[in-house]
Each structure stands twice: as C-alpha cells, then as structure tokens.
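Welcome, and take a moment to turn the model around before reading on. The paragraphs below lead you through it step by step.

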Amino acid sequence: MSPRHADRLDRLAPYMFAQLEQRIHQKREAGIDVISLGIGDPDMPTPQLVVEELRRAVQRPDTHQYPSNRGRQVLRDAIADFYDQRFDVRLDPGTQVLPVLGGKEGIFHICQVLLNAGDVALGTDPGYPVYTGGPLLCDAEPYLLPITPENGFKPDLSSIPADVLERARLLFINYPNNPTGAVIEDGDDFFAEVVEFARANDIVVVHDNAYSEISFDGYRAPSFLATPGAMEVGVEMFSLSKAWNMTGWRVGACVGNAEVVSAFWKYKTNVDSGMSDFVQLAAAKALTDCRSFPDEMSAIYQRRRDLVIEALRTIGLEPNAPKGSIYVWARVPEGHDSGSFTQLLLDEANVVVSPGSSFGEAGEGFIRISLSTPDDRLREAIERIEESMRVPA
Ligand SMILES: Cc1ncc(COP(=O)(O)O)c(C=O)c1O
C-alpha cells in the first residue's frame, strides 16, 4: 500500500530551491567546485552581541518551558520601539505585535487566517513562491499580477477582472522586492494606492517587509504601515533574517491591524507553541542594541552589487542597480531564455543563479543573482561567468 496524501499537495510546484539544491549537490558529488548565487541566505554571522545574549538566555531555566504564542513582552516592546524609531510607526505591543517563526511561516499561515476555500489571494508575478503556495494549501486561488520593468515592478491593480476582484480577500506586496530589487521611492504613491484599493474592495493587505533594512546609495525603505490608512487595512510581516544575518534563528513578527493580529494569534495557539524564549530574548537584543548592524551589512551588499552590475555590463547585459534587497535582477542575453541561460552558467561556469521564470511566468527572460556570497567567491563566480561568455577570437 502506498500512503495517500491530500490532493491539495499536488497543486504545488516543487519548491524551487529544492531543485536548485539538488543540482548543486549533483555537481559537488562529482567533485566540481560550484559557486551558488542562487539562494538569498546571508553568508555572514549573526551579531556577536545577539549570540552572547542567546548564550546567557539559554542558561536561564525559565526559558526552557513552553513559550507563549503571544511572545515575551520584552520582544514585543523591542519590535514596537524599533518600528517607532526606524519607521515612525506607532504600534501597541499589547495588540499589534505578534512574533512569527520567520516571515515565511507568517506569510504561509496568515492565508489560513484570512482565506476561505474559493477565495482569491492577489500576489505578484514574479514573486516569493509562498504567495502562491500559501493560498493553494488552504484551497484558495492565487491570482498573480505581472510586475515588469514597464510598470516599474508595481502591479496594475486596475487590471484585475471584476469576477476575480469580487472573490479577492488578500493582497501580498513586497518592497524592497524579491526577486526584482524594486523599491518604493520617495514620492511614489503606490502604497497610498494600495490603501485605497484595499478599502474600496474590502481586501486585507499583507506587506512582506523582509528586506527593508538592506538598502543602498543612501536610500531608506519605508514601512507600508507609515502610509495613512494602512493600519486599517493591513499588516506587515517583518523579519530579522536578512538584515541581522539570522535566517537560521526563525524570527519575525506580524505587526499592524489589531484585528488581524488577534485572529492570527488565535490561529497560532492551535498551530505552534511559540518562539523559543531564549531566541526571543536574543532577538530583542538585536533590535535594541544592534541597530546599526543592518547598515554595516548594507555597505557590504552594496559593494557586491556594484561588482555584479559591472560584470553583467561587461558581458553585454543591462541590469538596473537595485536600491534595496540582496538581489540583482537582470535580463538574459538575446537568444536565451531564463532556463537556457541558467543552464549555460551552470554548465560552462559552474555558477548557479536563479532562473527568473521560477518566480513566475513574468520572470521569464530574467535571472536573479543573490549577493549573499563572500566577496572572494563572488569575484571568482564573476570571472568564471565573464570567461564563459567570452566569444572565441
Ligand atoms: C520576499 C521574502 N519574504 C519572506 C521571506 C522569508 O524570510 P524568513 O522566513 O527567513 O523571515 C523571504 C526569504 O527569502 C523572502 O525573500
């Protein structure tokens, strides 16, 4: 007998990075030195202060029992304080802050909180795969809006057909954006447009704020919640993963609209038993005592971004230099599609990049290069790419 699984699992495409990891593994098994510029996972360590705080906290027996889903006061206060000072956004730590086990968990599970079977969740194409998987796994329907250079990587909310809009309950947006690196510039009224749209159509907005702290050239990313009216219509999923090099710690927070936060809390009391208390204490330390750490990381990523942009220009591509996130999004050369160019780089240069098409159909014709690789390996990857693209004389 082969054990049956639920039909809804068959609706999911294989998780893209699982495929990439398999390809890297096969090459490495064959003794080949593969450099991966595929996954966005910071290569540098968590701030030492945070590690020390964890060491201290884990020795306290009161951190060894079940944590509370509500989160420790010290962490909720630290998040609210951070939002106040960094984004000029006031949050009530008692009702508007809920720790999540990383943004990914928050994004996935909030679908269960907000969507009924048959509802529509709006997201972007290309976009983070969980905006699709989350809705599908609660029998809802993802509807993806293309984001392209032509529309400045902002979805055209007026393009949604009336019958889809009628069933839409949730909108995912994400700036600084993965995979395109697009940001909300000063004077851009896209967030205000989203608030209007959400109000008019009774849709909850989830702004995925995974990358706000990594930015370049003096740019500072805003919080969606700083937009007038945003607190009425939505929440933001904040994460410590990228900016404090804490992807392995699984720390984030759902912040904003108190009713959504409260419903999410009710849901989570049935799903997990909260974030380990020692992790919460260390995360609070990151937010209170390591405020400038993301700026140090941004400077490193900016240097790497410049290396990559220059190399891509050398091989004849014309990428835009992103102002935020840890990715460069570049059109593939003439005569290639995302898949064939990714394959070429893997075969000829032993360098892994992410094919744009794996983030959605509108990502076809692009690749995504992650900057989370040490400088020397990044330089080596760039040299190999340049070498493999050199036309024989
Ligand atoms: C757009 C976006 N959102 C959310 C996440 C999830 O991050 P985490 O679960 O580590 O907070 C990622 C991770 O790559 C991401 O790229």
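Let us start at a proline: Pro 126 sits in the loop that runs between strand 3 (120-125) and helix 5 (130-136). Helices (H or I, at least four residues) and strands (E, at least two) are DSSP runs, numbered from the N terminus. The model you are looking at is predicted, so local features need pLDDT of at least 70 and side-chain atom pairs count only at pLDDT 80 or more, while totals for chains, interfaces and linings use all residues. Residues are numbered from 1 along each chain as its sequence is written, and side-chain values use heavy atoms, with hydrogens and water left out.

Back to the proline. The peptide bond leading from Asp 125 to Pro 126 is cis, its omega being near 0°. A cis bond also joins Asn 178 and Pro 179, with omega about 10°. Pro 179 is placed in the loop between strand 5 (168-173) and helix 7. As a rule, most peptide bonds are trans, and most residues other than glycine have a negative phi.

Phi brings us to two further residues. Asp 217 is not a glycine, yet its phi is positive, near 60°. Ser 325 has a positive phi too, of about 80°, and is not a glycine either. Asp 217 belongs to the loop between strand 6 and helix 8, while Ser 325 belongs to the loop between helix 11 and strand 9 (327-331). Are they buried or exposed, or partly exposed? Asp 217 counts as partly exposed because its relative accessibility is 46%, whereas Ser 325, at 0%, counts as buried. Here buried means under 20% relative accessible area, exposed means over 50%, and partly exposed lies in between (1.4 Å probe, protein chains only).

Ser 212 is found in the loop between strand 6 (204-209) and helix 8 (230-233). Ser 212 counts as buried, since its relative accessibility is 1%. Its side chain makes a polar contact, at 2.7 Å, with the side chain of Glu 213. A polar contact is a pair of N or O atoms within 3.5 Å; within protein, one must be able to donate a hydrogen and the other to accept it, and residues adjacent in sequence count only if both atoms are side-chain atoms.

Now look for the ligand. Which residues are closest to the ligand? It is surrounded by 15 residues, and the closest are Gly 103, Asp 208, Tyr 211, Ser 239 and Ser 241. To be near a molecule or strand, a residue must have a heavy atom within 4 Å of it. An oxygen atom of the ligand lies 2.6 Å from an N or O atom in the side chain of Tyr 211. For the side chain of Asn 178, the distance from an N or O atom to an oxygen atom of the ligand is 2.7 Å. Lys 104 takes part through its backbone, where a polar atom is 2.8 Å from an oxygen atom of the ligand.

Next comes empty space. Rolling a probe the size of a water molecule over the atoms shows where it is left. On a 1 Å grid over the protein atoms alone, a cavity is a set of points where a 1.4 Å probe fits but cannot get out, and a pocket is an open set with protein on both sides within 12 Å along at least five of seven lines; lining residues have an atom within 4 Å of a point. Grid points are joined across faces, edges and corners, and a volume is the space filled by probe spheres set on the points.

The second largest pocket holds about 480 Å³ of space. Its lining has 24 residues, and the closest to its centre are Gly 40, Lys 104, Tyr 128, Lys 242 and Arg 250. Helix 4 gives the most to this lining, with three residues.

The largest cavity has a volume of about 50 Å³. Leu 37, Val 308, Ala 311, Leu 312, Ile 369, Ile 382 and Ile 385 line the largest cavity. Helix 11 (293-314) and helix 13 (375-389) each supply at least two of the lining residues, and helix 11 has the largest share, with three.
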